[in-house]
Amino acid sequence: MTEAAIPEPTQELTQEQAALFARVRRMMLIAGATTAIAVAAVLFAVGYRLYRSEPSVTTTTDVTAALPKGAKIVSTAVAGDRLVVTLDLGGATEIRTFDAKTLKPAGKLKFVREP
């Protein structure tokens with residue numbers, strides 16, 4: 001009436017019990033392998049992000065930008081990773097953008113009045 005849930009090693013397993021134990025072992029192997037692959041993927045992603053990140057040390061760069069004759073700088077601003085310079089060119093407004101890290105020109109927008 002009181003049978004052990006797990007038979008002792010001295011007892012013979014029935015064919016159904018042996019099949020059940022084999023199935024449980026196979027399911028445990030699949031679960032263990034899936035967990036190991038998931039942990040390895042997370043560790044790989046973290047390691048990749050740590051070693052491939054950009055250095056936080058900033059370097060100074062000297063850049064000279066030539067402005068048209070008679071141009072006046074109206075304002076400057078930083079927008080995300082861009083440096084924005086607004087110029088007054090004798091009544092016309094021009095906006096020039098530069099990459100904040102390299103200070104290379106990124107674009108130019110010119111406003112003129114209609115005649």
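Two strands pair if DSSP finds at least two bridges between them. Helices (H or I, at least four residues) and strands (E, at least two) are themselves DSSP runs, numbered from the N terminus.

Residues are numbered from 1 along each chain as its sequence is written, and side-chain values use heavy atoms, with hydrogens and water left out.

As for confidence, pLDDT (the predictor's confidence in each residue, from 0 to 100) averages 84 over the chain, and 83% of the residues score at least 70. Where pLDDT is low, the predicted coordinates should not be read in detail.

Now the overall layout. The chain has 1 helix and 4 strands, and reading along the sequence gives the pattern α-β-β-β-β. Of its 115 residues, 11% count as buried, where buried means under 20% relative accessible area, exposed over 50% and partly exposed in between (1.4 Å probe, protein chains only). The accessible surface comes to about 10,500 Å², and 61% of that belongs to carbon and sulfur atoms; such areas come from the Shrake-Rupley method with a 1.4 Å probe, and for residues only the protein chains shown count as cover. Contact means heavy atoms within 4.5 Å. Among contacts between residues at least 6 apart in sequence, 11% join residues at least 24 apart.

Strand 3 has partners on record in both strand 2 and strand 4. Strand 2 and strand 3 pair in the antiparallel sense over 8 bridges, and strand 3 and strand 4 also pair in the antiparallel sense, over 6 bridges. Thr97 shows up in both pairings: in strand 3 it is the bridge partner of Val84, and its own bridge partner in strand 4 is Gly107. Glu94, for its part, has Lys110 as its bridge partner in strand 4. The hairpin of strand 2 and strand 3 has 2 residues between the strands, and there Gly90 takes a positive phi near 60 degrees. Strand 3 is mostly covered, with 6 of its 8 residues buried.

Phe98 gives a closer look at that strand, being found in strand 3 (residues 92-99). With a relative accessible area of 14%, Phe98 is buried. What is Phe98 in contact with, leaving aside its neighbours within four places in sequence? The list runs to Asp81, Arg82, Leu83, Val85, Leu103, Lys104, Pro105 and Ala106. Val84 lies 14 residues away from Phe98 along the chain, and the C-alpha atoms of the two are separated by 6.5 Å.

Charged side chains come next. A search of the whole structure finds 2 salt bridges, a salt bridge being a side-chain nitrogen of Lys or Arg within 4 Å of a carboxyl oxygen of Asp or Glu. One of them joins Arg82 and Asp99, with the closest N and O atoms 3.4 Å apart. That pair links distant parts of the chain, since Arg82 belongs to strand 2 (residues 82-89) and Asp99 to strand 3, 17 residues apart. Arg82 is partly exposed, at a relative accessible area of 33%, whereas Asp99 counts as buried at 16%. Arg96 and Glu94 also form a salt bridge, and here the closest N and O atoms are 2.5 Å apart. Arg96 counts as buried at 14% relative accessibility, and Glu94 counts as buried at 3%.

Finally, the helix. The structure holds 1 aromatic pair. The rings of Phe44 and Tyr48 have centres 6.4 Å apart and planes at 25 degrees, so the pair is stacked. For reference, rings of Phe, Tyr and Trp (its six-membered ring) pair if their centres lie within 6.5 Å; planes under 30 degrees apart count as stacked, over 60 as edge-to-face and the rest as tilted. Phe44 and Tyr48 are separated by about one helical turn because they are 4 residues apart in helix 1. Phe44 is exposed, with a relative accessible area of 62%, and Tyr48 is partly exposed, at 49%.

Technical notes
This is a predicted model: local features need pLDDT of at least 70, side-chain atom pairs count only at pLDDT 80 or more; totals for chains, interfaces and linings use all residues.
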